[in-house]
Amino acid sequence: MDIALYDETKRVKQEQLDLIEELILATAKELGLDQNFEVSITIVDNDKIQQINRDYRSIDRPTDVISFAIEDNDEEFEWLFDEEFSECTNDLPRLLGDIFISFDKIKEQASDYGHSFERELGFLTVHGFLHLNGFDHQTKEDEKAMFSLQEKILEENGLER
């Protein structure tokens, strides 16, 4: 497994980066994922996440987390799911995608919700990683399943509300 962590803000402490990695591993274990995967997580400021949100989602405002799943049935990556290609590459890590998290939103939302920076960082990390693995919250049923799983993982890792 390869978890690439980038802190473009230069404001995240090493313990917090370690927490991100621990939560990715805990979530992967909870999902029963093969440990042969790659994911990147980048901490950015509100300006950068607003630019990403505007450019890729046509929403011109900052958000807290954005996930780009490679296995999201994007036509550009259809060749990755071709059976013949898969047979040739079964030793290569599964490329899950990229997660961008706003440092500014972590601080803001932790304050708004009355919990720690680490709790909010953990929530957004797990949330983004679940999106990379096919979870969504477009319906009430999907939202309940996703948020219940998030809470379970956070609680098991000492990040209760």
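You are looking at a predicted model, where local features need pLDDT of at least 70 and side-chain atom pairs count only at pLDDT 80 or more, while totals for chains, interfaces and linings use all residues. Numbering runs from 1 along each chain as its sequence is written, and side-chain values use heavy atoms, without hydrogens and water.

**Stop 1: the pocket**

Now select Arg-57, Val-65, His-127, His-131 and His-137, which lie nearest the centre of the largest pocket among its 31 lining residues. Besides H5 (117-132), the elements giving two or more residues to this lining are helix H2 (46-57), strand E3 (65-69) and helix H4 (103-113). The space in the pocket comes to about 720 Å³. A pocket here is an open set of points on a 1 Å grid over the protein atoms alone, where a 1.4 Å probe fits, with protein on both sides within 12 Å along at least five of seven lines; lining residues have an atom within 4 Å of a point. Its volume is the space filled by probe spheres set on the points, which are joined across faces, edges and corners.

Colour the lining by class and you get 13 nonpolar, ten polar and eight charged residues. Nonpolar covers Ala, Val, Leu, Ile, Met, Phe, Trp, Tyr, Cys and Pro, charged covers Asp, Glu, Lys and Arg, and the others, Gly among them, are polar.

**Stop 2: H4 against H5**

Show H4 and H5 together: their axes are 8 Å apart and the packing angle is about 120°. Axes are lines fitted to C-alpha atoms over the stretch in contact, with angles from 0 to 180 degrees between N-to-C directions. The two helices are therefore oblique to each other; that word covers what is left after roughly parallel (under 35 degrees), roughly antiparallel (over 145) and roughly perpendicular (65 to 115).

For the contact (heavy atoms within 4.5 Å), pick Phe-103, Ile-106, Lys-107, Gln-109, Ala-110 and Tyr-113 in H4, which meet Phe-117, Glu-120, Leu-121 and Leu-124 in H5. This set has seven nonpolar, one polar and two charged residues.

**Stop 3: H5 against H6**

Residues to select in H5 include His-127 and His-131, and among their partners in H6 are Phe-147 and Ile-153. The contact divides into eight nonpolar, four polar and two charged residues.

**Stop 4: H1 against H6**

Finish with helix H1 (residues 14-31), whose axis and that of H6 come within 10 Å, crossing at roughly 125°. Leu-23, Ala-26, Thr-27, Glu-30 and Leu-31 in H1 meet Leu-149, Lys-152, Ile-153, Leu-154 and Glu-156 in H6.

Methods. Helices (H or I, at least four residues) and strands (E, at least two) are DSSP runs, numbered from the N terminus.
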